[in-house]
Amino acid sequence: MTFKTKLAATVALALTVAAPLPALALDDAQKKEIGEFIKEYLVENPEILVEVQEALQKKQEAQQQAKAQSAITDNEKAIFSSPYDIALGNPKGDVTIVEFFDYNCGYCKRALSDMDAILKEDKNVRFVLKELPILGPDSLAAHKVSAAVRDLSPEKYGEFHRTLLGGEGRATEESAIALAAGMGVSEADIRKTMADKPHDDAVREAYSLANDLGITGTPSYVLGQEMIFGAVGADDLREKIANVRACGKASC
């Protein structure tokens, strides 16, 4: 009898005895013998631990996606058509991507080129920008300036967004206002709009959606009925866009 067969037989016997007859629990010697078999087998076959970890990860990811899909269905309007957001690209595009981002997120800065590449080559994509200021007070302050720019000069928001997110250094209220003023948006008007309309509801909505969708970092995307966590790159996004067109889902 091979060691693997012996291990399987031993565990099966233990389960057979223990399951239907809980009163006849394994004694200490039996527990020790089974433990030694399992330990020896794992030491000789450590790749099993990798397989177990991979299986656990796949299971957790499946559970995460199932939860996200339910949340996407329940919050469809807030995710894809919130009045607080602006969409770049084709407003009537056949595929919509929603990106949750923070102006001070380094991964979001690198992912900016992914969005631009897709919008440049695919004229039938609608790209929704959903601000999720989670990286401290500076991010929240920069978001409030951004929201004011969106209200005052929505036609300049795309340029403002790209420049602020793509810039070096930390985005703050001061740097965001200076950028907007350089684009011709009055600083006085920005500050008045920020005071009159602080967009606290927009922040609360974004935080609530992030919680429901299982978002713990930026960037995160909603594409079809699927969550995409992290800066996965333009190629992965292209593939999922093609899948939505082919089978109606981001993963066919």
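Predicted model: local features only at pLDDT ≥ 70, side-chain atom pairs only at ≥ 80, totals over all residues.
Student: Which strands pair here in the parallel sense, and over how many bridges?

Tutor: E2 and E3 do, over 7 bridges.

Student: What is the strand order of the sheet?

Tutor: The order is E1-E3-E2-E4-E5. The sheet is open, has 5 strands and shows mixed pairing. E1 (86–89) and E5 stand at the edges, each with a single partner strand, so one side of each has no neighbour in the sheet. From one strand to the next, the twist averages 25°.

Student: How do E4 and E5 run, and how many bridges join them?

Tutor: E4 (residues 220–223) and E5 (residues 226–229) run antiparallel, joined by 4 bridges. Val222 has Met227 in E5 as its bridge partner. The two strands form a hairpin with 2 residues between them. In that turn, Gly224 has a positive phi of about 65°.

Student: Now helices. How do I check the length of H10?

Tutor: Compare the expected span with the distance between the end C-alpha atoms. H10 (residues 200–213) has 14 residues, which at 1.5 Å a residue should span 20 Å. Its end C-alpha atoms are 20 Å apart, so the two values agree.

Student: Which residues of H10 are buried?

Tutor: First the general idea. An α-helix has 3.6 residues a turn, so residues three or four places apart point the same way. In H10 the buried residues are Ala202, Val203, Ala206, Leu209, Ala210 and Leu213. They cover an arc of only 130° around the axis, which puts them on the same side of H10. Arg204 and Asn211 are exposed on the other side. Just after H10 comes Gly214, with a positive phi of about 80°.

Student: What do the buried residues of H11 pack against?

Tutor: Strand E2 (95–101), helix H5 (106–121), strand E3 (125–131), E4 and E5. The buried residues themselves are Ala234, Leu237, Lys240, Ile241, Asn243 and Val244. H11 lies across E2, E3, E4 and E5, and runs at about 20° to E4. H11 (residues 234–247) has 14 residues and reaches 20 Å from its first C-alpha to its last, close to the 20 Å expected.

Student: Which torsions deserve a second look?

Tutor: Most residues other than glycine have a negative phi, and most peptide bonds are trans. Now two cases from this model. His199 is a residue other than glycine with a positive phi, near 60°. The peptide bond from Thr218 to Pro219 is cis, with omega near -5°.

Student: Where does His199 lie, and is His199 buried or exposed?

Tutor: His199 lies in the loop between H9 and H10. Its relative accessibility is 8%, so His199 counts as buried.

Student: And where is Pro219?

Tutor: In the loop between H10 and E4. Gly217 has its place in the loop between H10 and E4 too. Gly217 is partly exposed, with a relative accessible area of 24%. Gly217 and Phe229 are 12 residues apart in sequence, and their C-alpha atoms are 7.7 Å apart in space.

Student: Let me try Ser139. Which side chain makes a polar contact with the side chain of Ser139?

Tutor: That of Asn104, at 3.0 Å. Ser139 is found in helix H6 (residues 137–152). At 1% relative accessibility, Ser139 counts as buried. Leaving aside neighbours within four places in sequence, Ser139 is in contact with Asp102, Asn104, Pro133, Arg170 and Ala171.

Note on methods
Residues numbered from 1 in each chain as written. Heavy atoms only, no water. Pairing = 2+ DSSP bridges. Expected span 1.5 Å × (residues − 1). Buried < 20%, exposed > 50% of the residue type's maximum accessible area, 1.4 Å probe, protein only. Arc of directions from axis to C-beta. Contact = heavy atoms within 4.5 Å. Axes fitted to C-alpha atoms, helices over the stretch in contact; angles between N-to-C directions. Polar contact = N/O pair within 3.5 Å; in protein donor to acceptor, adjacent residues only side chain to side chain.
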